[in-house]
Amino acid sequence: MPQGGAAAREAAKPQDQGWAWMVLLAAVLLQGLTLGFPSCIGVFFTDLRHDFQASNSETSWFPSIMVAVLYGGGPLCSILVKRFGCRFAVMLGGLLSGVGMVSSSFCKSISQLYLTAGLITGLGSCFSFQAGVTVLGYYFVRWRTLANAIASTGVSLGFTLWPLLSQYLLDEMGWRNTFLIFGGILLNCCVCGAIMRPVQLASGSPPQSPKPAEEPGRKAEGAQLSNGTSPHPELQQQTRRTACFQMLQKHLAFDIFCQNKGYQIYTIGVTWTMMGFALPHVYLVPYAIQNGVEERRAALLISIIGFINIFIRPLTGLLSGHRVFTGRRIYLFSLAVLLCGLSNFICVISAEFSVLIVYCVILSIAMSGVGALTFQVLMDVVEMDRFSSALGLFTVLESITLLIGPPLTGLLVDITSDFHYVFYNSSFFLISAALFMGLSFCTLEKKNKLKEASKVPLDNPSKYQYNEVPTEPQSESQSPPAVMYITSV
């Protein structure tokens, strides 16, 4: 009993201290192992294409499926976390990732690689990454923003180290043995998950997700069962339809997409952006090798992007959090996307290694802005009580274009035998998306201002005047009004 009481007191300790920092370290490693892993796939692109006698388009389906499942599996991961908890989801993801890469080392065709490394490893990485991010919200309250910023540096570390390790192992033992070793490395996600023990709040109860509301028709069905009669088939069918609709409404917020113009514009813009955003990561290494750059130096290009991200991404996140940029982060995001698109023209000018280094530096700075602002802007345009469901639809649509972008560009390269079209395509999608988002939000902002101004003469104008001193006394328990972002009409 004394041991149990001590354990309870340990579990009831406040957050933001003690074991929480070990969990944060595990989250850093998880993001490096999961989000950073796809950055090394370009190193194996040429070898896989030659060994399987596949085209550029066929080979690019492998990383596309992996990244698409990594982002698009969010709703499934959310269900898994609510049912079994974050620790289980992270460890299951690590197991799937390891099994997927070990199986990939025995593949006999490129289509088998789609299933093992693409689907299985991608789904495992999704579970580990998203559950690892979720658990930080349980362990950190006061330092939650700092914890997320530190955890995001794991992505940059992964971008830096994975390509270098991949090129070394590829030179020493070939891609099959390298994939086998990668399977063992990704199993370390299970170790990170084991560290993430369920946290208990001061009340002694773990922060369980609230149970889903009872579905319409369930009470009637239960009453019929208690009376010894089976529910009517039509009632059963209606109950299943209602449950399915509620599940979609909870994890895929189509109602927000239809009603919130800001969310609609941003989701379409980011979805279009992803058609070109991933192309340099997949094709930069083979492009450099084709133009005479040594393989080790070509792999170094991706590592340069990751290394600069380590420093620029947290700095960008802190800068964008300043109150000066409140309500204007979408324009910073659009500017970062525009810079990504314009930087691709550097590769078209020359494929010299020194020129490609300049390209990687500029691209990395722009990518840091995109990575640091993506979810901050989403929080600006969507109410926080619907953020998780808005994020579900956002990532699913994003994963679709991440899936089809590289293969379609690979098909164009196969037809033309010219890698320059990779960067032309990327520039087109990125620049057009940046202009669309920037101009659309500017137009929406002006429209909302005119709409608000037109409402003032209709009522008593004094109602709309700003008073620094409230006209009515407020009780001390009353919370201050929340900041409202006008995002829909």
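**Terms and their grounds**

Student: Why is N56 called buried?

Tutor: In this predicted model, N56 has a relative accessible area of 8%. Buried means under 20%, so N56 qualifies as buried. N56 is found in helix α4, residues 56-72.

Student: What makes the link between N56 and R49 a polar contact?

Tutor: The side chains of N56 and R49 are joined at 3.4 Å. The cut-off for such a pair of N or O atoms is 3.5 Å, and therefore the value of 3.4 Å lies within it.

Student: Which residues does N56 touch, leaving out those up to four places away in sequence?

Tutor: N56 touches F45, R49, Y283, G410, V413, D414 and F419.

Student: Which residues have the most contacts inside the largest nonpolar core?

Tutor: They are Y266, L284 and F333, in a core of 60 residues. Helix α18 (353-381) is one of the helices that supply at least two residues each, and α18 gives the most, with twelve. Beyond four places in sequence, F333 is in contact with Y266, V270, V370, L373, T374, V377 and M437. Another core, of 56 residues, lies apart and includes A26, C77, A117 and F127.

Student: How do you know where the predictor's confidence is lowest and highest among the elements?

Tutor: Mean pLDDT is lowest for helix α1 (residues 2-11), at 44, and highest for helix α6 (residues 86-104), at 94. Over residues 1-12, pLDDT stays under 50, and over residues 460-489 it is also below 50. The chain averages 79.

Conventions: Residues are numbered from 1 along each chain as its sequence is written. This is a predicted model: local features need pLDDT of at least 70, side-chain atom pairs count only at pLDDT 80 or more; totals for chains, interfaces and linings use all residues. Side-chain values use heavy atoms; hydrogens and water are left out. A nonpolar core is a set of buried Ala, Val, Leu, Ile, Met, Phe, Trp, Tyr and Cys residues joined through side-chain atoms within 4.5 Å. Buried means under 20% relative accessible area, exposed over 50%, partly exposed in between (1.4 Å probe, protein chains only). Helices (H or I, at least four residues) and strands (E, at least two) are DSSP runs, numbered from the N terminus. Contact means heavy atoms within 4.5 Å. pLDDT is the predictor's confidence in each residue, from 0 to 100. A polar contact is a pair of N or O atoms within 3.5 Å; within protein, one must be able to donate a hydrogen and the other to accept it, and residues adjacent in sequence count only if both atoms are side-chain atoms.
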